[in-house]
Structure formats: C-alpha cells, structure tokens
Amino acid sequence: MQATTHMKRRSDGRISIKSGNEVQLIMQLTILILTVLTVLAFLFFDYTGLDIQRAIKETAYNLRVMFLEPALSHFGWGEAFHQVGITLGLAFLSTILGAVLSFFLALSAATNLTNEWITKIVRIFLAFIRAVPTVLWVLIFAIAAGLGSEAAVLGMLFHSIAYLVKAFSEAFEEVDKGIIEALRATGAGWWHIVVHAILPSTFTYLMSWTFLRFEINFAVAVAMGAAAGAGGIGFELFMASSFYFDLREVGMITYMILVLAIILEVISTLLKNRYFPASIKN
Amino acid sequence: MNENRMRYKKNQQMIVVVLLLALVTYLSSVLTDFNILHGLATLPEAFIWIFSNLVVTEESLERMPTILDKLVETILMSIAATTTATILSLFLGVMGSKSVGTSKLLGILARFIASLSRNIPVVAWALILLLSFGQNSLTGYLALFVGSVGFLTRAFIEVIDESSQSAVEALQATGATYIQIIMKAVIPECLPQMISWILFMIETNIRNATLVGILTGTGIGYTFDLYYKTLNYHGVALVTVSIVVAVILIELLSNHVRKVIL
C-alpha cells in the first residue's frame with residue numbers, strides 16, 4: 001500500500017519516479033524463485049511405490065470410512081476421555097510453566113526494562129530454540145533423561161517460551177513510559193515497577209497470549225503423542241492408523257481432536273477480538 | 001472507601017484466577033504423571049548428556065551428503081506445499097472475505113474448509129495419507145499442503161478484509177468487472193502481506209516437515225528417526241545442527257524480504 005502512495009524525493013527535491021521499484025523487484029523475484037523451486041521440487045520428488053490413480057481412489061475410500069463410519073474398537077469412551085485429558089494436561093502444563101518462565105525472561109528481554117545486550121543475548125538464545133523443531137526437543141530429552149511425560153512437557157516448554165517471551169516482551173514495551181518514570185521518580189525499585197506498573201497494565205493481555213499458546217500447544221501435544229510416544233490421544237491415533245489399520249477408530253479420534261480444537265479456536269478468537277487491537281494477529 | 005472496595009474486588013478476582021490455575025495444574029500433573037520437581041531436577045543432567053553425547057564427530061560428517069540430500073528434499077517439499085496451497089488459498093480467501101466475497105454461502109463454505117483443514121492436526125493427515133500413498137515424498141507434501149491451505153486461507157481472508165476499500169470502490173465506479181477488480185486492486189494491494197505470510201508458512205512447514213517425515217518415513221525426519229532408533233547420536237546431532245542452520249538461514253532471508261516489502 002505504502003509503495004504506491006508514498007512519494008520519495010531525490011536529493012535535489014524532485015520526485016523519484018522509480019521509488020516503488022525495489023519493492024516491486026524483490027516481490028517479483030521472491031515469487032519467481034518460489035515458482036522455480038516448486039517446479040524443481042516436483043521434478044526431484046521421490047515417487048517410489050506410487051500409483052496415483054489407485055492412491056486417490058483409496059484415499060477417497062479411506063476418508064469416507066473414517067468420517068462417515070467412525071467407531072471406537074480398541075478402547076472405550078472412558079479411556080478415550082482419559083487420553084484426551086492427558087493430551088490437554090500435557091498442553092496445559094507446558095503452557096503454564098512456559099508462561100511463568102516467559103514472564104521472567106520477558107522482563108529481561110523488554111528493551112525498556114533492561115539494558116540492550118541482555119535483550120540481545122535472550123533473543124539470540126530464543127532464535128536458536130525456535131529453530132529446532134519441537135519433536136526433536138522432545139526426542140532429545142527422551143534419550144537424554146528418559147523422562148516420559150516430563151520429556152514431552154520439557155520439549156514443548158521450549159517452544160512455548162520462545163513464543164511467549166516475544167509476545168510478553170512486546171506487551172511490556174508498550175507500557176506507558178510515563179508510569180514507569182513517575183514510579184522511578186518516587187524512588188521505586190525495579191521490582192516495584194514490575195509489580196505495580198507492568199503487571200497490572202498487561203495482565204489480561206498476558207492471559208490472552210497464554211491462552212493462544214494453549215491452543216497451539218494442544219495441537220503440538222497431539223503431534224508429540226503420535227511421533228514421540230508421549231501418550232494421550234495422539235498416541236492412540238498413531239496406534240490406530242499405523243498398527244491396527246483401524247480407519248473407523250482413526251475417524252473417531254480425529255473427530256474428538258477436531259471438536260476440541262474448534263472449541264479452543266472459538267475461545268481464542270473471542271479473546272483476540274476482546275483484548276487485542278485489530279493490528280495484532282496470530 | 002469505594003476505591004478500597006474496588007481494589008479488594010480486583011485482588012479477589014486475581015486470587016481466584018491464580019487458585020484456579022493452580023488447581024488445573026495440579027490435576028494435569030496427576031493425570032499425566034508429571035512431577036515438576038523431578039522434571040527440573042533432571043534438566044541439568046539432561047543438558048550435560050546433550051553436550052557430551054550430541055556432538056558432531058568426523059565419522060558422522062561422512063554422512064553429510066546423505067543428510068544434505070534429504071534436507072534439500074525437505075525444504076523443496078515445504079516450499080512446493082506452500083506455493084501450491086497459496087493458489088488454492090487465494091481463491092478460498094477471496095471467496096471467504098467479507099469485503100469482496102460474492103455470496104454468503106460461498107464465504108461460509110470457504111471458512112468451513114479452512115477451519116477443517118487447519119484443525120485436523122497435520123499428524124492425522126500424514127497418517128491417513130500414508131495408508132494409501134505409501135512412503136514417498138508426495139505423502140509428506142500432501143500432508144503439509146492440507147495444513148497450509150487451512151492456515152493461509154485464514155490469513156488471506158484477514159489480509160483482504162483489512163486492505164482499504166477505496167481502490168475497489170474506485171474501480172467499481174469505472175465499471176470494472178469483478179475479475180478486474182480482484183486482479184488490479186485486491187491482489188496488488190494485499191501482495192506484500194500475502195508474501196510475508198507465505199514466507200512464514202514456509203518456515204513453519206520446514207519445522208512441520210521434520211515431524212511429518214518421522215511419521216511418514218520421508219525427508220530429513222526419516223533420516224533423524226533412523227539415526228535415533230539405531231542409537232547413532234552423532235548422526236542425530238548432525239541432523240539437528242543441519243536443520244537448525246537451514247531454518248535460521250531461511251528465517252534470516254525471509255526477514256530481509258519482509259523488511260523491504262512491508
């Protein structure tokens with residue numbers, strides 16, 4: 001939008017008619033590169049054992065069985081709810097622990113509360129954490145200490161922290177400078193400022209971000225159950241599809257996950273509309 | 001007096017929230033058999049283990065060509081899934097947006113498709129597709145594709161709804177057709193934001209591709225799983241390092257593009 005309406009002037013004051021060009025060029029280049037890479041990808045794919053026609057037909061059939069004839073066969077409803085509870089529990093634990101740790105880390109990552117280079121160190125550290133996929137964290141913890149649910153929670157905790165620290169520290173940075181200065185003038189210490197200025201004015205905001213992360217963590221917890229054997233409904237999903245080949249059960253489990261995910265999404269959309277300005281998404 | 005009572009009420013609310021959270025935390029830890037003290041106590045041990053065992057050795061470096069090969073496959077898979085999903089999401093996004101959508105019914109349909117494909121976890125898609133497509137790159141690609149459509153459609157709907165209406169109105173006044181309005185006003189206006197979302201999706205997909213790979217036996221995830229299960233921890237370390245480097249490089253690149261276009 002800005003590229004078309006903003007006028008850039010050259011040093012002699014004339015309007016530069018080439019102002020939009022760099023932006024245009026980069027955008028076109030990005031699209032071109034992505035297109036080329038996509039074509040290359042399809043050429044280089046490994047198509048072993050693939051029979052497209054049969055595969056499509058089979059998928060259609062599988063999907064029909066899954067979604068139209070769902071049923072539980074290897075465990076009952078009580079067990080199913082227990083497993084869903086475990087998944088929710090894993091998600092909740094990693095979110096709440098993540099939120100508490102992130103709060104303290106975010107205090108040290110907010111530019112208005114600490115000095116520049118503590119901020120930088122924290123940010124580089126977080127970038128590294130984010131770069132390792134969650135499932136690898138979980139698997140690495142699983143071998144490092146053989147922890148069971150502890151491995152899952154610790155692994156998920158890492159990404160939750162990376163996500164929440166960014167959100168929290170941005171919230172802290174938006175706190176009115178005047179309030180902090182006023183408190184400082186009365187001789188308040190750093191902790192006073194945090195407890196009486198930062199925390200009250202950002203509390204609801206922090207809660208909403210934490211809930212958004214809970215929504216994400218639920219999906220992650222399902223995935224961790226499936227890939228890392230961390231238990232919960234995701235593990236049942238993995239067993240049903242890879243060991244029993246029981247499509248009806250896969251369908252039922254998928255429905256359960258879907259219903260919960262949609263409930264969580266609706267709540268977080270409501271929270272977003274209530275507490276967040278239109279400019280902040282995701 | 002009044003002020004004190006208000007403060008008292010606010011404090012009370014805060015206490016209720018904190019107590020509630022504590023209760024749910026307790027219940028969750030009972031349910032999942034999670035012991036926070038035990039977890040924290042083993043953390044240092046775990047890190048010591050990681051630093052002493054997960055090291056890249058010369059012997060594991062010999063496997064670099066295989067790993068790089070798989071890494072490239074994974075990256076290409078993520079990019080292809082994202083770009084092809086973009087095409088579909090563009091249609092769904094236009095259909096689903098409140099400002100330029102044609103009919104309410106189509107809008108609801110588009111949102112429904114997006115919600116469905118986003119909320120069924122990528123894992124479920126991967127496992128379903130694995131049954132019929134078998135163990136090849138296409139399975140991973142399709143699993144990522146479905147998830148991307150859900151996410152990108154939601155993002156595009158928001159971008160289109162937020163972009164200013166003035167250009168659309170101006171074109172309408174000149175008697176432009178619907179297609180012309182979309183091509184000449186809506187898409188150019190939303191393009192920078194859309195590209196930013198596409199780049200974000202590629203980053204996400206590379207991380208997801210590892211997970212999908214572990215489940216479907218494709219790409220870098222499969223390589224990781226292979227080393228992991230054969231207890232070849234030097235191999236595990238090397239795969240992890242190469243994923244980290246790839247993700248960080250792509251993040252830096254897309255941040256640069258974002259800085260220029262937004």
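Which residues touch the most other members of the largest nonpolar core? In this predicted model, the answer is Phe172(A) and Met224(A), out of the 160 residues that make up that core. Helix α9 of chain A, residues 190–228, gives the core its largest share, with 18 residues. As background, nonpolar side chains in soluble globular proteins tend to be buried together.

Let's stay with Phe172(A) for a moment. Setting aside neighbours within four places in sequence, Phe172(A) is in contact with Phe103(A), Ala106(A), Leu107(A), Ala110(A), Asn112(A) and Leu113(A), and also with Ile198(A), Thr202(A) and Leu206(A). There is also a second, separate core, made of 8 residues, and among them are Val23(A), Ile26(A), Ile195(B) and Ile261(B).

Now for the place where the chains meet. Chain B brings 78 residues to the contact and chain A brings 81 residues. The size of an interface is often given as the accessible area lost when the parts come together. Here, about 7100 Å² is buried between chain B and chain A, and carbon and sulfur atoms give 77% of that. On the chain B side, Phe34(B), Asn119(B) and Leu131(B) supply 8% of the area buried against chain A, which is more than any other three residues supply.

If you'd like to find a salt bridge in the model, look for Glu265(A) and Arg154(B), whose closest N and O atoms are 3.5 Å apart.

Next, the rings. Over all chains, the structure holds 26 aromatic pairs. Take Trp77(A) and Phe81(A): their ring centres are 5.9 Å apart, with 35 degrees between the planes, and the pair is tilted. Both residues sit in helix α4 of chain A, residues 77–109, and at 4 residues apart they are about one turn of the helix from each other. Trp77(A) is partly exposed, because its relative accessible area is 45%, while Phe81(A) counts as exposed at 55%.

Phe47(B) and Phe51(B) belong to helix α2 of chain B, residues 36–53, and because they are 4 residues apart, about one helical turn separates them. Phe47(B) is partly exposed, with a relative accessible area of 27%, whereas Phe51(B) is exposed, at 64%.

Rings also join up across the two chains: Phe42(A), Phe45(A) and Tyr47(A) are linked by ring pairs with Tyr141(B) and Phe145(B) into a cluster. A ring can have a charge over it as well, and in chain A Arg213(A) lies over the face of Tyr163(A), 4.9 Å from the ring centre.

One last stop is Tyr178(B), in helix α9 of chain B, residues 178–216. Is Tyr178(B) buried or partly exposed? With a relative accessible area of 36%, Tyr178(B) is partly exposed, since buried means under 20%. Beyond neighbours within four places in sequence, Tyr178(B) is in contact with Val94(B), Val100(B), Gly101(B) and Thr102(B). As for Thr25(B), it lies 153 residues from Tyr178(B) in sequence and 53 Å away in space, C-alpha to C-alpha.

How values were computed:
Residues numbered from 1 in each chain as written. Chains lettered and ligands numbered in written order. Predicted model: local features only at pLDDT ≥ 70, side-chain atom pairs only at ≥ 80, totals over all residues. Heavy atoms only, no water. Phe/Tyr/Trp six-rings, centres within 6.5 Å; stacked < 30°, edge-to-face > 60°. Helix = DSSP H or I, 4+ residues; strand = E, 2+ residues; numbered from the N terminus. Buried < 20%, exposed > 50% of the residue type's maximum accessible area, 1.4 Å probe, protein only. Lys NZ or Arg CZ within 6 Å of the ring centre and 35° of its normal. Core = buried A, V, L, I, M, F, W, Y, C linked by side-chain atoms within 4.5 Å. Contact = heavy atoms within 4.5 Å. Buried area = accessible area lost by both parts, 1.4 Å probe. Salt bridge = Lys/Arg side-chain N within 4 Å of Asp/Glu carboxyl O.
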